[in-house]
Amino acid sequence: MVWSDQLYRVLGWPPGQTEPSLDAIRAAFSTQDRNTFDQEMRLALKENAPFIFEGELTTQRGTNKRVRTMGKRLQGPDSNGHVFVGLIQDISDEYARQQRLGKALQWLETAGEIAQLGYWYLDVTDQSLEWSAEVYRIH
């Protein structure tokens, strides 16, 4: 197994400080996320399909991160062998922004209910229109 310097950093290791292994990656996940990661890997290998998994891990330094893991099985150098390539991407900042946006939307919905205001959204590309629950109530 080979890790890039960036993967070492995502996992909280100085590059080259530990032996790259799937077990080291798995150990960083919580038990629940580790089980889901394992299921996704098994399914990807069985069906020869790519996988994408998002979960929480704790780095060697004790930092919690939200990560996106992606991988795919490829034909190896000989006719009987296969290799699995993948990546782990730190999406902690993106995830935090999504959480804040979701919370802001909840506040907007609540404020709309209190003020009896609704909002709508028009997608100018496909002309689809969406109304908030309050617009439906008012209408």
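Start by selecting T69, which sits in strand β2, residues 64-75. Helices (H or I, at least four residues) and strands (E, at least two) are DSSP runs, numbered from the N terminus. You are looking at a predicted model, in which local features need pLDDT of at least 70, side-chain atom pairs count only at pLDDT 80 or more, and totals for chains, interfaces and linings use all residues. Residues are numbered from 1 along each chain as its sequence is written, and side-chain values use heavy atoms, with hydrogens and water left out.

**Around T69**

Is T69 buried or exposed? T69 is buried, with a relative accessible area of 3%. Here buried means under 20% relative accessible area, exposed over 50%, and partly exposed in between (1.4 Å probe, protein chains only). Now show what T69 touches: leaving out residues up to four places away in sequence, the list is F29, F37, F51, I52, F53, L87 and I88. Contact means heavy atoms within 4.5 Å.

**On to F29**

Select F29 next. Beyond residues up to four places away in sequence, F29 touches R34, F37, F53, G55, E56, L57, V67 and T69. F29 also belongs to the largest nonpolar core, which has 17 residues; W3, L11, I25, F29 and F37 touch the most other members. Such a core is a set of buried Ala, Val, Leu, Ile, Met, Phe, Trp, Tyr and Cys residues joined through side-chain atoms within 4.5 Å. To see where this core comes from, colour α1 (5-10), α2 (22-28), α3 (31-47) and β1 (51-58), each of which supplies at least two of its residues. In soluble globular proteins, nonpolar side chains tend to be buried together.

**A stop in a loop**

Move to P20, in the loop between α1 and α2. P20 counts as buried because its relative accessibility is 16%. Leaving aside neighbours within four places in sequence, P20 is in contact with M1, W3 and Y8.

**Zoom out**

Now show the whole protein chain, with its five helices and five strands. From the N terminus on, the order is α-α-α-β-β-β-α-β-β-α. The radius of gyration is 22 Å, well over the 14 Å that the globule rule gives for 139 residues, so the chain is more spread out than a compact globule. That radius is taken over C-alpha atoms, and the rule is 2.2 Å times the number of residues to the power 0.38. Along the principal axes, the C-alpha atoms fill a box of roughly 65 × 40 × 25 Å. Of the 139 residues, 25% count as buried.
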